[in-house]
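Hi everyone, thanks for making time this morning. Let's look at the structure together, and please stop me whenever you like.

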Amino acid sequence: MRNAPLFVLIAAAALILPGCGTDDVPAASQSTATSTTSTFVEAPGDAPTDAGPKSGPADAGAALTVTDIRIGSQPGVDRVVFELGGTGSPGWQVAYTDSAAQDGSGRAVEVAGRSILEVRILGSAYPFDSTVPPYAGPDPVTDPGAPGITGVYESLVYEGVTQSFIGVEADRPPFAVSALADPPRLVVDIATQ
């Protein structure tokens, strides 16, 4: 029970902070910053062929925080890389959704594009638990070099899961998900049509 005051403080902040932004302005009309990195660290393999949900388990005891988000493009594939800091390897649940809603609060997230790909990074930790500075860049993350991706929106942690949404210009194109190491990363490759 000695952590009860801390839990109450965190819960109150989670309820108050989402209301502190400019939620009354549609995301499409907000100015967007551009990712400065549009190259692949690793070249993609074959283009994805399946648009069904994907999942993979996190390492036991993983405690990871998103530290950077990058978008890149190569022929046939747009790529989103979530760079992570902390310990362990991430798990994931990635699938298309009809609408974007924030875990915990249920607040609607405005995502531009024809499709919304929800990315849930398992094995996540709050920055004060992982002791890793969290991603502090633009929201949404965009890159004009990858026009098939309208943006990567919201990277919020709730109950051990970091939730993000990728806006996609096409109607639910095939995608693939993988985890890379040194540093830990979750990679989402989306086929371009």
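Let's start with two rings, Tyr96 and Phe175, both of which are buried. Keep in mind that this is a predicted model. So how are the planes of Tyr96 and Phe175 arranged, stacked or edge-to-face? They are edge-to-face, with 85° between the planes and 5.5 Å from centre to centre. What I like here is where the partners come from: Tyr96 belongs to strand β5 and Phe175 to strand β10, 79 residues apart, and the pair links these distant parts of the chain.

The charged end of Lys54 sits over its ring, 3.9 Å from the centre.

The count of aromatic pairs comes to two, and the other one is Tyr126 with Phe128. Their centres are also 5.5 Å apart, but this pair is stacked, with 5° between the planes. Is Tyr126 buried or partly exposed? Tyr126 is partly exposed, because its relative accessible area is 26% and buried would require under 20%.

Now for the nonpolar cores. The largest has 27 residues, and Phe82, Ile166 and Ile190 have the most contacts inside it. Several strands give two or more residues to this core, including β5, β10 and β11. Which element gives the most? That is β3, with four residues.

Technical notes:
Residues numbered from 1 in each chain as written. Predicted model: local features only at pLDDT ≥ 70, side-chain atom pairs only at ≥ 80, totals over all residues. Heavy atoms only, no water. Core = buried A, V, L, I, M, F, W, Y, C linked by side-chain atoms within 4.5 Å. Buried < 20%, exposed > 50% of the residue type's maximum accessible area, 1.4 Å probe, protein only. Phe/Tyr/Trp six-rings, centres within 6.5 Å; stacked < 30°, edge-to-face > 60°. Lys NZ or Arg CZ within 6 Å of the ring centre and 35° of its normal.
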